[in-house]
Amino acid sequence: MLQFKTLPIDEIMLMVYPRLFSLHNLAETWTDKNTVPPRIPLTAEKLTRQGAFLLQTHEHFIIWVGRHVSEIFVNSVYNVKSYSDLPELNVGLDHYDNAISDLLHDLISLLSKVRNVPTTTVSVREDSRSGPCFYNI
């Protein structure tokens with residue numbers, strides 16, 4: 001309750017209504033790198049197994065990875081060959097020398113820049129034990 005009294009309104013809004021971004025098609029949807037890309041409605045039906053999504057909460061960036069996301073995305077962002085090689089839960093996000101990784105890190109940097117709260121990036125596989133927790137945030 002104390003946070004509601006002391007945090008800026010933008011931070012309070014992230015506590016109440018997190019932002020959801022589509023990552024698997026970020027190159028097509030995010031054309032102006034100086035502005036925040038389009039958000040998608042915060043509903044479970046928007047999550048597709050062929051996609052990857054970034055949920056920005058007050059304290060975390062959570063990347064949900066669908067089980068049928070492209071191997072190019074998985075390899076570019078996590079440096080593994082396929083979805084099945086991803087750990088169920090991964091804290092942190094390494095940066096690799098490719099366009100998709102650059103774009104994702106640019107997005108997280110932009111979203112972090114306007115905030116004064118330190119955040120953690122966590123990746124969750126759709127079929128992991130932690131996967132259902134994503135829906136409860």
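Starting at the N terminus, the elements of the protein follow the order α-α-β-α-β-β-α-β-α-β-α. That order contains six helices and five strands. The model is a predicted one.

Some totals describe the protein as a whole. It has 137 residues, and 41% of them are buried. Its accessible surface is about 8000 Å², and carbon and sulfur atoms account for 53% of that area.

Y78 belongs to helix α4, which covers residues 71-78. Is Y78 buried or exposed? Its relative accessibility is 10%, and buried means under 20%, so Y78 counts as buried.

The surroundings of Y78 come next. With neighbours within four places in sequence left aside, the residues in contact with Y78 are I63, V65, F73, L86, N90, L93, Y96 and S123. Two members of this list can be described further. N90 lies twelve residues from Y78 along the chain, and the C-alpha atoms of Y78 and N90 are 9.8 Å apart. S123, also in contact with Y78, is joined to it by a polar contact: the side chains of Y78 and S123 make this contact at 2.7 Å.

Taken together, Y78 is a buried residue of helix α4 whose side chain makes a polar contact with the side chain of S123.

Terms used
Residues are numbered from 1 along each chain as its sequence is written. This is a predicted model: local features need pLDDT of at least 70, side-chain atom pairs count only at pLDDT 80 or more; totals for chains, interfaces and linings use all residues. Side-chain values use heavy atoms; hydrogens and water are left out. Helices (H or I, at least four residues) and strands (E, at least two) are DSSP runs, numbered from the N terminus. Buried means under 20% relative accessible area, exposed over 50%, partly exposed in between (1.4 Å probe, protein chains only). Accessible areas come from the Shrake-Rupley method with a 1.4 Å probe; for residues, only the protein chains shown count as cover. Contact means heavy atoms within 4.5 Å. A polar contact is a pair of N or O atoms within 3.5 Å; within protein, one must be able to donate a hydrogen and the other to accept it, and residues adjacent in sequence count only if both atoms are side-chain atoms.
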